[in-house]
Amino acid sequence: MKPLRRALLLLAALCGLPGLAAAAGPVTAFVHANVVTMNGEAEVLRDRTVLVREGRIDAIGAPALELPAEARRIDAAGAWLSPGLADMHMHSDIADDLAVYLAHGVTTVLNMGGARDGFIQRTLPAANRGAIPAPQVFAAFVVDGTADYGHFQAHTPDEARAVVDLAKANGYRFIKVYNNLRPEVFAALAAQGRRQGLPLLGHGVTAVGLAAQLDAGQAAVAHLEEFFYGFFWPPGTEQTDAPPPDAAIARAVEAMRAHPGAAVVADLVTYAAIAGQIGHPEVVAAQLAAPDIATLAPADRLAWRQSGYVRKTARLAARLAFLGRLAKALADAGVPLLAGTDAPTIPGLFPGRSLLDDLDLLEQAGLSRYQALATATRWPGDFIASRLGAMPFGRVAVGMRADLLLTAASPLDGLATLRRPLGVMAGGQWRDAAALDGLRRDVAGHYAPHDAPADPCPPPR
Ligand SMILES: [Zn+2]
């Protein structure tokens, strides 16, 4: 162990800091584990020892692999080790949500904009040094050209460059472009982002169009449905409930393939949530009564109650089905898809759980189970490593960040096993199922005073 880290751990233990003292172990060995590596469709390793040192996967070997004396052994006989999951489009910005994500096996999140300053300045760094129970966190700074959506604005190329510099100085890793940027401002964001190492991702910019955005080097499209607004029709075209003809899918696939490495956030769960609740207040009422509500922040519950989707009128089922076919075509063409949820901004999008729902929807849309799992593991890991040069993750391989899920069955035999992890390792810190339940209980405990209004009819004494 490095002296500095040892000193920090000692300090953490003395000060009773959460997380570190409880869970850090410099060397951990999973013994007799079956491994879903995500190196390739068929690669499953039986009965291996996976050695984790200083937060990285250090070795994968036979059960007889010699272990350092200080190694903590985790008996994984009969169980399955696969990469931790990533939600690549979320908006949570409180530590309690991060704990809930972790309890669901999510070990990486990308905050897609709008996070409060305190989250960026304090919570995110604490998460990324392992000082609080949390996934690793990346954040995007969102910028628009008008006040319509309530985001920071840039009106000139000079302002665009200043925005990128400010984002860089404050630890953001991406610039998220929004609908109403002017073309010369978008171009300046792209150029300055390249200089500063902050790739662009985001929505279709109406005055530019997705195809030109990709040409300018935009790294990712933030929603599947952005193809409706910025690609299939001229950007800005009034939208109806009808999807484009399926023949248009090939054009989208071509546009993405012309920009190797450019990714699409495959957020079927987001569009499904919207489609399901428009005109259906009872759907949102049911979400507000779901067990997961206990770990949703009271402010989000209130926002869900007040959300306006239920009062809109649209029938989006055909569009949702189209997006499923688009996702499958993109995946089959080798375009990296990134699982994402938009949680918790829209009613029904729960931190953590909704990511698992997204994977189920992708599988139902026709992606192979391996492809569906890759959207939350291998593809996000490749995307982040190639765009940011960050520590690689998303596969079980030597040198990867030690983000691991231990499950009773192979996720390649059914994704449902991911919903009941036997334990989660994030950045080398291990938590078993009881510890994960403890995280949920702690968060629910913080919110319990808000759970139910006082009973107007107390039982007679
Ligand atoms: Zn979003």
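Into which domains is the chain divided? The division gives domain 1 (3-83 + 396-448) and domain 2 (85-388), with bounds that come from an automatic or database domain assignment. The structure is a predicted model, in which local features need pLDDT of at least 70, side-chain atom pairs count only at pLDDT 80 or more, and totals for chains, interfaces and linings use all residues. Residues are numbered from 1 along each chain as its sequence is written.

Confidence comes first. The mean pLDDT (the predictor's confidence in each residue, from 0 to 100) of the chain is 92, and 92% of its residues reach 70 or more. Residues 1-24 have a pLDDT below 50, and this stretch makes 23 contacts in the model beyond near neighbours in sequence; a contact here means C-beta atoms, placed from the backbone, that lie within 7 Å.

The chain holds 17 helices and 17 strands, which are DSSP runs numbered from the N terminus (helices: H or I, at least four residues; strands: E, at least two). Its radius of gyration, 22 Å, is close to the 23 Å that the globule rule gives for 461 residues, so the chain is as compact as a globular protein of that length. That radius is taken over C-alpha atoms, and the rule is 2.2 Å times the number of residues to the power 0.38. The C-alpha trace spans about 70 × 65 × 45 Å along its principal axes.

Domain 1 brings 27 residues to the contact and domain 2 brings 29 residues. On the domain 1 side, β16 (423-426) and α17 (433-451) are the elements that give two or more residues, and α17 gives the most, with eight residues. This side has 18 nonpolar, four polar and five charged residues, where Ala, Val, Leu, Ile, Met, Phe, Trp, Tyr, Cys and Pro count as nonpolar, Asp, Glu, Lys and Arg as charged, and the others, Gly among them, as polar.

A helix pair also deserves a look. Helix α10 (residues 268-277) packs on helix α14 (residues 353-364) at an angle of about 95°, with axes 8 Å apart. Axes are lines fitted to C-alpha atoms, for helices over the stretch in contact, and angles run from 0 to 180 degrees between N-to-C directions. The two helices are therefore roughly perpendicular, a label for angles of 65 to 115 degrees. Leu268, Val269 and Ala272 of α10 meet Ser354, Asp357, Asp358, Leu361 and Leu362 of α14.

Definitions and conventions: Parallel < 35°, antiparallel > 145°, perpendicular 65-115°, else oblique. Contact = placed C-beta atoms within 7 Å.
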